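Please look through the structure shown below before reading the briefing, which takes its topics one at a time.

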Amino acid sequence: MQTSKLAILPSLIRFPMLALFCLLLVDVTAPSKASAGNVPAGDTAVDGAAIGVDGIFAPAEADGASCGVTVTPAAVSGSVSNSLLSLQRTQSITSVTGAELTMSPAQLSVITAAVSATGGDIQPALTALSNQLSAELGGDVAVDVSVVSSSANNLISAISAANTLINSLTSVQLEAAMESPSFMAVRQVLAAAADTTENAEGGEVAEGGGNAGLPILSLAR
Amino acid sequence: MDETFAPLTDSEIRELLLIDPNFVPEAPRSSPGSSFLVPSAYGADWGDAFVGLSGVTAGNQTDLDGSASLGMGFGDAVDNIGVEVSVGIISLNGFADDGIVGFKLHKVFPEANNLAVALGWSNAAKWGDARNSPDTFYGVVTQRFDLDPGEANPVPLTVSLGAGTGSFRSRGALLAGNNDLNFFGSVGVRVIPELSVISSWNGSSVGVAASVAPFDIPLVMTAGFSDVMDSTVTGTRFNASLGYSFSF
């Protein structure tokens, strides 16, 4: 982590200095074809940028920091990993209704393979989870699954995608979702990651879980 | 005893299933500015408003002076187009004797990594001494690049490039008294979430500044020097501004 912080230092110096150098170069060369005038340009207030509030109007989803999320990717990844390990230990998941849903080793294996994919061709694992979720939600809905790296930004996107899917489900599918071990497990993984951010900077990376990603759910069109 | 339980309604089930993004505060966190003395393509949408005060020290041929501005947004730059309307009192020597009303149409493209573009007319309406200034039309493109992607603080580098008339004229155009198109730009790096450093070219001189947003409220302080090379007759001047934005 310390190495990462130090690695950014050259960029912090390089980019501003390069920009300043280029601007000064323009300033030095411009007088040869443009003599000094009698009025300074650019002193007139032009918009919110003139008083520095343009940064506030920048797209809020651009980064987690602008939303107050200061959790590190390692903390998010660790939380996901811990959640998976907990599922593997208990072989069950508690539904939002309080009911205990048993998970088979095969169901767990599919979820773990998709979320903990560490490279290579992960499409088979994603397809397997997609099929498993679709089947448990009644079979008349197709759920697409992709996995993104653990970061504050991606966590916001993953939770937003899951909530969008939940809002799109029909009555029958909602009932099925509450009784679906796989859906509840994926939901728990995301909820656990969200809880990690409550204790910003908290969370430990579980053994073997450093590369755990975040599942993005969506209804197939 | 006959105990019956009413089945959960769809909305009750959704309420149970939805994941609470409890880390997102209700109010957006403050953020320092990304440009200095030139516009960026980011602007206020409907529900955004701002007020600000600026001050500038005396130059070679000018006196210490201040300005005030307020503005608000309409529309939505992500869903369609945002429109920022601002009113500027360009001199506090004789309060509100001189002023301008400006517009900026701005658009954000999320699918292009939040690339933003804007078209503006800074002094569509003007009164007092402001009537002596030529029209300032401009177009600007702003893009943000994360220097440390994936980290809690991704160290965003915000680059704005634009072209405009009026306030952005070259020294040659100023001398010749015409209102030819000229280029401007700025580069800002948010070193830490509360602080950014900015350098800019306003068409006739270089400026450098720092912008800080140290509080959890959207209050931004920006201070810097315009014309650091002392290449215009007005010379190097210290500029400071205080901006506050709010949502409604």
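In this predicted model, the largest nonpolar core holds 46 residues, and the members that touch the most other members are Ala114(A), Leu155(A) and Leu190(A). In soluble globular proteins, nonpolar side chains tend to be buried together.

**Nonpolar cores**
- Leaving aside residues up to four places away in sequence, Ala114(A) touches Ala125(A), Leu126(A), Leu129(A), Val145(A), Val147(A) and Pro215(A).

**Helix α7 of chain A**
- Helix α7(A) runs over residues 152-168, and its 17 residues reach 25 Å from the first C-alpha to the last, which is close to the 24 Å expected at 1.5 Å a residue.
- The buried residues of α7(A) include Leu155(A), Ile156(A), Ile159(A), Leu165(A) and Ile166(A), together with Asn153(A) and Asn154(A).

- Helix α8 (residues 171-178) of chain A packs against helix α1 (residues 10-17) of chain B at an angle of about 40°, with the axes 10 Å apart.
- The helices α8(A) and α1(B) are therefore oblique to each other, and their crossing is left-handed.
- Where they meet, α8(A) contributes Ser171(A), Leu174(A), Ala177(A) and Met178(A), while α1(B) contributes Asp10(B), Ile13(B), Arg14(B) and Leu17(B).

**Pro156 of chain B**
- Pro156(B) lies in strand β7 (residues 156-164) of chain B, and it counts as buried because it has 25 C-beta neighbours inside 10 Å.
- Although Pro156(B) and Ser34(B) are 122 residues apart in sequence, they are 9.5 Å apart in space, C-alpha to C-alpha.

How values were computed: Residues numbered from 1 in each chain as written. Chains lettered and ligands numbered in written order. Predicted model: local features only at pLDDT ≥ 70, side-chain atom pairs only at ≥ 80, totals over all residues. Core = buried A, V, L, I, M, F, W, Y, C linked by C-beta atoms within 7 Å. Buried ≥ 20, exposed ≤ 12 C-beta atoms within 10 Å, placed from the backbone. Contact = placed C-beta atoms within 7 Å. Helix = DSSP H or I, 4+ residues; strand = E, 2+ residues; numbered from the N terminus. Expected span 1.5 Å × (residues − 1). Axes fitted to C-alpha atoms, helices over the stretch in contact; angles between N-to-C directions. Parallel < 35°, antiparallel > 145°, perpendicular 65-115°, else oblique. Left-handed = near helix turned anticlockwise from the far one by under 90°.
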